[in-house]
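User: I'd like to go through the labels on this model one by one. Can you set each value against its cut-off for me?

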Amino acid sequence: MWSQPVGAFPTGTFGVASSPFKMLQRLIHLSRFCRSPRCCFEGEGFFKGMALPLTTVSMTSSVAFGTYRNCLHCLSQARGAGGGPNTKMEVFLSGLAGGVAQISVMAPGDIVKVRLQCQTESKKGATNTSKPKYRGPVHCLLSILKEDGVRGLYRGALPLMLRDGPSYAVYFLMYRTVSELLTDFGEKKPSWIGVMFGGAVAGMSAWTVGTPMDVVKARLQMDGLLGKKQYRNFFHCLTKTLRTEGVGVFFRTLGLNYVRAVPVSMMVFLTYEVITAFLQTSSDNTDTPPVGFE
């Protein structure tokens, strides 16, 4: 019972390795605050702001995976399948639920990470009058709580849900579809080549769906930090960005997302399959791919 959630637990740490790409991606999203990707090299490093997310990344993966697996079983029982293989629609809906459920754990660490990574302008002058607003992850977390309360930790949660819900649904569905196509006839599990190729396709597909909402999320999380607020709510941010910058701004970092999603997703799926195969002591008919999209 616990082999699959435990197998998902360490896969979340692969997202930390892709932090340099995430930081560059976020600064491009927020081009109004950081004029060019070059500012990435003028801060404290590519892993700035990762301390708090690092403490919750594995928990986030476990929450998403546990929700996904439980939903698969519930849907299977609801249609009276008697433990048979889940349909692709059930995989899609369960992935959607898993992506949304993880937001409760992920959102506070995410907003802290975004604000610390985008805290770059004060580093250029390094004068006594231009000190960084946040001294570190804990100070940033406490400052947000003091200024906006608990609600402030979940600013940008709606676009985060709209990003991760559909993205995880596509992520799980594409992995299952591709890995099944690459599984030899008569075999129950795909080969390691099938696992890695399925992971690569799943990661690229998921970020194709999730990148637009990632732009909106980042802008809402940073709104008002460096001056007057520009957006009244999610819909105002979405429409204003679309009107002033065009559709292309929502896919500006898609190439960067592909570069980091392919190797990370490949290793996530391969690691998960190896760990669960080692821990699993009884067969389970429910196909449960790993979690490791964010």
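User: Why does Phe234 count as buried?

Analyst: Some ground rules come first: this is a predicted model, where local features need pLDDT of at least 70, side-chain atom pairs count only at pLDDT 80 or more, and totals for chains, interfaces and linings use all residues. Residues are numbered from 1 along each chain as its sequence is written, and side-chain values use heavy atoms, with hydrogens and water left out. Now, buried means under 20% relative accessible area, exposed over 50%, and partly exposed in between (1.4 Å probe, protein chains only). Phe234 has 9% relative accessibility, so buried is the word.

User: And what makes Phe235 exposed?

Analyst: Phe235 has a relative accessible area of 56%, so the label is exposed.

User: How do you know which kind of ring pair Tyr168 and Phe172 make?

Analyst: Rings of Phe, Tyr and Trp (its six-membered ring) pair if their centres lie within 6.5 Å; planes under 30 degrees apart are stacked, over 60 edge-to-face, and the rest tilted. That rule gives seven aromatic pairs. For Tyr168 and Phe172 the centres are 6.1 Å apart and the planes are at 50 degrees, so this pair is tilted. Both Tyr168 and Phe172 are buried.

User: What makes the pair of Phe234 and Phe235 edge-to-face?

Analyst: Their ring centres are 5.0 Å apart and the planes sit at 70 degrees, so edge-to-face it is.

User: Why are Tyr168 and Phe172 about one helical turn apart?

Analyst: Because they are four residues apart in helix α10 (residues 157–181). Helices here are DSSP runs (H or I, at least four residues), strands are E runs of at least two, and both are numbered from the N terminus. Tyr168 and Phe172 also belong to one aromatic cluster, together with Tyr68, Tyr171, Tyr175 and Phe269.

User: What makes a set of residues a nonpolar core, and which residues have the most contacts inside the largest one?

Analyst: A core is a set of buried Ala, Val, Leu, Ile, Met, Phe, Trp, Tyr and Cys residues joined through side-chain atoms within 4.5 Å. The largest has 14 residues, and Tyr171, Phe172 and Phe269 have the most contacts inside it. Helix α10 gives the most to this core, four residues. Another core, of 11 residues, lies apart from it, with Leu116, Tyr134, Cys140 and Leu153 among its members.

User: How do you know that Lys217 and Asp214 form a salt bridge?

Analyst: A salt bridge takes a side-chain nitrogen of Lys or Arg within 4 Å of a carboxyl oxygen of Asp or Glu. Lys217 and Asp214 come in at 4.0 Å, N to O. Since they are three residues apart in helix α11, about one helical turn separates them.

User: Last one: why is Val100 called partly exposed?

Analyst: Val100, which lies in helix α5, has a relative accessible area of 33%, so partly exposed is the label.
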